[in-house]
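What follows is a walk through one structure, taken in two parts. Keep the sequence and the coordinates at hand while reading.

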Amino acid sequence: MSRVNLTKLRKMKAEHDKIVMLTAYDASFSHVLEQSGIDVILVGDSLGMVIQGQESTLPVSVDDMVYHTRNVIRGSETVFVIADMPFMSYANCEQAINNAARLMADGGAHMVKLEGGEVVVDIIQQLTERGIPVCAHLGLLPQSVHRLGGYRVQGRDTDGAMQLIDDAKRVEAAGADMLVLECVPAELGKRVTEAVDIPVIGIGAGSDCDGQVLVLYDMLGISKGRRPRFSHDFLADTGNISDAVALYVDKVKSSEFPTLEQNY
Ligand code: KIV
């Protein structure tokens, strides 16, 4: 079987075939996720918290991301792999190009993800013009946790919602090929998904997005601390890791996950 690619992911959006994504950070989990039906693996900078035990994603380095991306690539054959650009690794265009090139050339990533709307539009354009596929990330931006005053739901008021829809259109126009939308009301998740042609992958953004992503260790119930409301412990439902991932795949594909309980 050939690798999932952007053409396939766009077709999945057009055909309302839900895209199922999970984070992973190593070869063994990458293999298990692929065998259990995951379409896309995100090597998220959430590894700072769930692998390194940091309080936020901010201390994660480009070297960390290259190392974990390489491991995920080695464990996989058919999934599409996205690598996060860590905090301040894309503060200007030149830096973004150099660091994205490392994630692609040394890490083997198929796409890079970066957080922000209007402020990163130029950077998205510069990267995509050079052939680097970009996934944008809007809504709750974990790298801006201190400015946001915590991990809070975004886009609750009319201005915030309009700004988010506008940002989604702008990152698409700049060349982004995918969008992760984190922690927004389900109704806004639906509006953003309908406003753009690129696949929108929700995390705490309701079941109307084109796909879903969760942090692997949250959905296995092994993360330290409180599990976010938008996640669910699938390992508790099944008793083993492969079945937990397969159940998540089934529930996303059939739009049974997320449920109203996980929505904002
Ligand atoms: O780093 C990460 O795992 C992420 C997800 C929360 C989408 O960006």
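**A helix contact and a barrel**

In this predicted model, Val121, Ile124, Gln125 and Thr128 of helix α6 make contact with Arg170, Val171 and Ala174 of helix α8. Sorted by class, the residues in this contact between α6 and α8 are four nonpolar, two polar and one charged.

The geometry behind that contact can be described with the two helix axes. Helix α6 covers residues 121-129 and helix α8 covers residues 158-174. Their axes come within 8 Å, and they cross at roughly 25°. Because angles under 35 degrees count as roughly parallel, α6 is roughly parallel to α8. The crossing of α6 and α8 is right-handed.

Eight of them form a closed barrel, in the order β1-β2-β3-β4-β5-β6-β7-β8, and the pairing is parallel. From one strand to the next, the twist averages 25°.

How many bridges join strand β1 and strand β8? There are four, and the two strands pair in the parallel sense. Strand β1 consists of residues 19-23, and strand β8 of residues 211-214. At this pairing, isoleucine 19 stands opposite glycine 211 in β8.

A helix also belongs to this region. Helix α12, residues 241-253, packs on the sheet and touches both β1 and β8. The direction of α12 makes about 145° with that of β1.

Terms used: Residues are numbered from 1 along each chain as its sequence is written. This is a predicted model: local features need pLDDT of at least 70, side-chain atom pairs count only at pLDDT 80 or more; totals for chains, interfaces and linings use all residues. Side-chain values use heavy atoms; hydrogens and water are left out. Axes are lines fitted to C-alpha atoms, for helices over the stretch in contact, and angles run from 0 to 180 degrees between N-to-C directions. Angles under 35 degrees count as roughly parallel, over 145 as roughly antiparallel, 65 to 115 as roughly perpendicular and the rest as oblique. A crossing is left-handed if the near helix is turned anticlockwise from the far one by less than a right angle, and right-handed if clockwise. Contact means heavy atoms within 4.5 Å. Ala, Val, Leu, Ile, Met, Phe, Trp, Tyr, Cys and Pro count as nonpolar, Asp, Glu, Lys and Arg as charged, and the others, Gly among them, as polar. Two strands pair if DSSP finds at least two bridges between them.
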